Amino acid sequence: MPRSLILGTFLSVLFLGAALLSFVWTPYDIQTLSIPSRLQTPSLTHWLGTDQLGRDILSMIMMGARTSIAVALLAVGIGMGLGVPLGLLAAARRGSLLDELIMRGNDLIFAFPSLVIAILITAVFGASAMNAIVAIGIFNIPVFARLTRGAALSLWSRDFILAARVSGKSATRISVEHILPNIANLMIVQGTIQFSLGILAEAALSYIGLGAQPPTASWGRMLADAQTLASIAPHVALMPGLAIVFMVLGLNLMGDGLRDLLDPRLQVART
């Protein structure tokens with residue numbers, strides 16, 4: 001098993017475990033303010049210190065992990081749930097008007113960065129974690145659609161697909177029964193990559209006030225609140241920043257490891 005997969009899985013499971021644990025327990029209640037305990041450095045009482053309102057930073061990071069993972073996971077689910085079928089449909093109808101409409105629609109979405117889409121959505125519906133999910137999810141759709149179409153097109157000329165067509169199977173049935181299982185490994189790897197990008201996007205949107213709103217904890221919101229305290233209490237900004245770095249690093253390493261593990265060409269090279 002690739003070392004990158006082991007390390008990436010460890011880091012990812014660590015933060016996922018912290019997020020799940022936050023549903024039943026955190027060291028301190030993040031809703032409770034303690035002004036006398038504000039800006040304490042890491043200690044045995046508060047392992048990662050306290051913020052400007054006296055809240056325990058470890059508890060905030062655990063709750064923020066729940067928010068970041070939920071937003072990124074749902075956004076990737078939207079992108080994969082809509083992008084993969086669109087990519088399969090475009091590949092099955094390659095060269096047709098439908099194929100052109102799908103791909104030009106993807107180009108149109110790519111023309112607007114996810115942050116711009118989020119600003120447009122929040123300008124109409126207001127800033128919230130749900131609107132951040134929609135914005136990030138919309139940007140993920142063309143990513144999965146393009147990848148799916150490209151991978152599927154490389155399979156439509158293969159002998160086993162030609163045999164399925166000769167047997168009378170429809171394009172939809174071939175896509176579901178033969179194409180999709182053979183490109184699932186690519187979707188899994190891309191899903192981990194988009195998951196890490198979703199974590200970054202959620203943090204960025206929360207940082208500028210377009211993501212999760214108080215009192216919901218968010219790593220990006222923690223960084224925004226700590227930006228004026230970097231000179232007097234650097235740990236307040238350092239801890240959520242490191243959480244973002246290690247979470248994204250873990251997901252990227254896991255994606256690289258899964259690619260090495262699932263890519264048959266790399267398996268042949270190793271043997």
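User: What lies over the face of F23?

Analyst: That's R66, at 4.0 Å from the ring centre. Keep in mind that this is a predicted model.

User: How many aromatic pairs does the structure hold?

Analyst: Two. Let's start with F15 and W219, which have 5.8 Å centre to centre and 70° between the planes.

User: What makes F15 and W219 an edge-to-face pair?

Analyst: Check the numbers one by one. Ring centres have to lie within 6.5 Å, and F15 and W219 have 5.8 Å.

User: Where in the chain do F15 and W219 sit?

Analyst: F15 is in helix α1 (residues 3-21) and W219 is in helix α8 (residues 219-226). They're 204 residues apart, so this pair links distant parts of the chain. Both F15 and W219 are buried, too.

User: Why is the pair of F110 and F139 called edge-to-face?

Analyst: Their planes stand at 90°, and the cut-off is over 60, so edge-to-face it is. The ring centres are 5.9 Å apart. F110 belongs to helix α3 (residues 97-110), while F139 belongs to helix α5 (residues 129-153).

User: Are F110 and F139 buried, exposed or partly exposed, and how do you know?

Analyst: Buried means under 20% and exposed means over 50%. F110 has a relative accessible area of 33%, so F110 is partly exposed. F139 has 23%, so F139 counts as partly exposed as well.

User: Why is α8 called largely enclosed by the rest of the structure?

Analyst: Because six of its eight residues are buried. Those are W219, G220, R221, M222, A224 and A226. The buried residues of α8 pack against α1, α2 (57-92), α7 (171-207) and α9 (234-262).

User: How do you know that α1 is roughly perpendicular to α2?

Analyst: Look at the crossing angle: the axes of α1 and α2 cross at roughly 105°. Angles of 65 to 115 count as roughly perpendicular, so that label applies to α1 and α2. The axes come within 7 Å.

User: Which residues make the contact between α1 and α2?

Analyst: From α1 you get F15, L16, A18, A19 and L21. From α2 you get M62, A65, R66 and I69. By class, that's eight nonpolar, no polar and one charged residues.

Note on methods: Residues are numbered from 1 along each chain as its sequence is written. This is a predicted model: local features need pLDDT of at least 70, side-chain atom pairs count only at pLDDT 80 or more; totals for chains, interfaces and linings use all residues. Side-chain values use heavy atoms; hydrogens and water are left out. Rings of Phe, Tyr and Trp (its six-membered ring) pair if their centres lie within 6.5 Å; planes under 30 degrees apart count as stacked, over 60 as edge-to-face and the rest as tilted. Helices (H or I, at least four residues) and strands (E, at least two) are DSSP runs, numbered from the N terminus. Buried means under 20% relative accessible area, exposed over 50%, partly exposed in between (1.4 Å probe, protein chains only). A charge sits over a ring if NZ of Lys or CZ of Arg is within 6 Å of the ring centre and within 35 degrees of the ring normal. Contact means heavy atoms within 4.5 Å. Axes are lines fitted to C-alpha atoms, for helices over the stretch in contact, and angles run from 0 to 180 degrees between N-to-C directions. Angles under 35 degrees count as roughly parallel, over 145 as roughly antiparallel, 65 to 115 as roughly perpendicular and the rest as oblique. Ala, Val, Leu, Ile, Met, Phe, Trp, Tyr, Cys and Pro count as nonpolar, Asp, Glu, Lys and Arg as charged, and the others, Gly among them, as polar.
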